[in-house]
Amino acid sequence: MFVMKCGGSTLAALPSSFFEDMKQLQDEGIIPVIVHGGGPAISDTLGKLGIETEFVNGLRKTNEAVLDVVEMVLSGQINKEIVRKIQLSGARAMGLSGVDGHLIQVRPVANAHEVGLVGDVTHVNAELLQGIIQMGYMPVIAPVGLGADGGQRYNINADTAAGAIASQLGVERMIVVTDVPGIMKTVGGEKIVLPSITVQEINDMITSGEIYGGMIPKVRAAIQCIQGKVNEVIIVNGSEPQVLSRVIKGEVLGTRIVK
Ligand SMILES: Nc1ncnc2c1ncn2[C@@H]1O[C@H](COP(=O)(O)OP(=O)(O)O)[C@@H](O)[C@H]1O
Ligand SMILES: CC(=O)N[C@@H](CCC(=O)OP(=O)(O)O)C(=O)O
């Protein structure tokens, strides 16, 4: 079993071979647990509805009106689109959000006064995911969570949600699928993809501004997971052919963040 996070930046561009690769892995008994984003689609719908949106350190400022759109787009539109694509490849998938079966419990983030209804994961209902997997389905999870009282919804950054799920399931590996071939650095005037990176190097690149924007929640989630049972987090480009099976076979691809 492994956790795969699929970014909104890349979802629409994923080739059908990507989903066929998932079917192949499922047939081999290597089950992906999928957590997806959808930031660009949320911004698009908010724009169409004339609701203003803003990010503070990579987190969307979220109120109830924004949450209505986040839930509609993530748990409705995007989640079902991914499930349909996986099913078309012949694999079995089941979509749910962190609300269903109390899958993801959260507490308000430390800077809730700045970003509003955004959550940090406190608990994942791992038994529910294991049950779905035992029935032969791969779970497809939208990052919306519930507060401790079970009544309030929260928006969760998809990288943060994926990292927390990987940690709680105790999987060996998390694969982060995005629109760049890995963490890039300019060396001698040339932009290269770093095959691997340490926590220290990540922190230095954040300080220098070489890691910025949407890459920051990814590396932060990666650092948090490798401090637990997860051995490695690999950041790859989803349009690379057979990217998942190649990474799982150990091919040097993308950027590996290791303990
Ligand atoms: N050092 C870096 N290497 C590669 N990409 C980076 C780096 N720093 C920042 N980025 C940005 O991070 C983006 C990926 O994050 P994001 O757009 O949030 O994707 P996703 O929707 O997949 O979560 C890249 O497109 C790139 O603009
Ligand atoms: C709190 C927060 O920022 N939530 C994100 C959830 C979606 C997401 O993370 O999507 P990507 O992986 O495509 O960026 C948002 O509202 O955009």
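Helices and strands here are DSSP runs, helices being H or I of at least four residues and strands being E of at least two, numbered from the N terminus. In these terms, Arg60 has its place in strand 4.

Colleagues, the model before you is predicted: local features need pLDDT of at least 70, side-chain atom pairs count only at pLDDT 80 or more, and totals for chains, interfaces and linings use all residues. Residues are numbered from 1 along each chain as its sequence is written, while chains are lettered from A and ligands numbered from 1 in the order in which they are written.

I begin with ligand 2. Its shell holds 17 residues, and the closest are Gly8, Gly37, Gly39, Arg60 and Ala158; a residue counts as near if its C-beta atom, placed from the backbone, lies within 6 Å. Helix 2 (39–48) and strand 4 (59–60) are the elements that give two or more residues to this shell. Seven of the shell residues are nonpolar, nine polar and one charged. In that scheme Ala, Val, Leu, Ile, Met, Phe, Trp, Tyr, Cys and Pro are nonpolar, Asp, Glu, Lys and Arg are charged, and the others, Gly among them, are polar.

The unreviewed UniProt entry carries a "binding site" annotation on Gly38, Gly39, Arg60 and Asn155. These residues are spread over 118 residues of sequence, yet cluster in space, with a largest C-alpha distance of 11.9 Å. The positions are given in the numbering used here, feature names are shortened, and annotations may be inferred rather than shown by experiment.

Why is Gly38 classed as buried? Gly38 is buried because 26 other C-beta atoms lie within 10 Å. The class requires 20 or more such atoms within 10 Å, exposed means 12 or fewer, and partly exposed lies in between, with C-beta atoms placed from the backbone. Gly38 sits in the loop between strand 2 (32–36) and helix 2. Beyond its neighbours within four places in sequence, Gly38 contacts Gly8, Val73, Leu74 and Ile78, a contact being C-beta atoms, placed from the backbone, within 7 Å.

Arg60 is likewise buried, with 21 other C-beta atoms within 10 Å. Not counting residues up to four places away in sequence, Arg60 touches Thr53, Phe55, Val66 and Asn155.

Ten of its twelve residues are buried, so helix 6 is largely enclosed by the rest of the structure. Among the buried residues are Ala158, Asp159 and Ser167. Just after helix 6, Gly170 takes a positive phi of about 65 degrees.

Notes. Contact = placed C-beta atoms within 7 Å.
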